[in-house]
Amino acid sequence: MNQMSLVAICKEYRLSRRAIQGYEQIGLVKPSGKTKYGYLLYDENTVYKILFIKHLQNIGFTLREITTFIDESNDVIKRKLEEKIPELESNISKTKDLLSYSKKIIKLLDQEDYKEQIYQITKKENV
């Protein structure tokens, strides 16, 4: 891959044009050039950076947070990712709890007194 247009990046990696333009606006990335028709081009390193930024957002970092460390050393980035792990693990735990709760509700909906039972489970599990 040499350079990719904004349209090609959006299509290939399922990213919105708006997201990439937002990254540009706050200074996270910038195009490396333009085609003769005025389409923005991004070099390989910038494409990788765009994909990494999107991953960081997906795991819960805000763009504001990302701007504070994205251009730092690998050690700094590694530390930031390590700091995020407990939050991700907590999210997994919460999701498992919600899944378990939902499965219980599904089973209860077949019973006549389901409303009272659902109330009791919800009260007990504090979901």
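Start by selecting T46: its relative accessibility is 11%, so T46 counts as buried (buried means under 20% relative accessible area, exposed over 50%, partly exposed in between, with a 1.4 Å probe and protein chains only). This is a predicted model, in which local features need pLDDT of at least 70 and side-chain atom pairs count only at pLDDT 80 or more, while totals for chains, interfaces and linings use all residues. Residues are numbered from 1 along each chain as its sequence is written, and side-chain values use heavy atoms, with hydrogens and water left out.

T46 belongs to helix α3 (helices are DSSP runs of H or I with at least four residues, strands are runs of E with at least two, and both are numbered from the N terminus). Now show V29 and K30: T46 touches both, leaving aside residues up to four places away in sequence. Contact here means heavy atoms within 4.5 Å.

Next, select helix α2, residues 17-25. Which of its residues are buried? They are A19, I20, G22 and Y23. These residues cover an arc of only 155 degrees around the axis, which puts them on the same side of α2; the arc is that of the directions from the helix axis to the C-beta atoms. An α-helix has 3.6 residues a turn, so residues three or four places apart point the same way.

Turn to the other side of α2, where R18 and Q25 are exposed. After α2 comes G27, with a positive phi near 85 degrees.

Now zoom out to the whole protein chain. Six helices and three strands make up its secondary structure, and from the N terminus the order is β-α-α-β-β-α-α-α-α. The chain has a radius of gyration of 22 Å, well over the 14 Å that the globule rule gives for 127 residues, so it is more spread out than a compact globule. That radius is taken over C-alpha atoms, and the rule is 2.2 Å times the number of residues to the power 0.38. Along the principal axes, the C-alpha trace spans about 70 × 35 × 25 Å.

Colour by burial to finish: buried residues are 24% of the 127 in the protein chain. Of the contacts between residues at least 6 apart in sequence, 42% join residues at least 24 apart.
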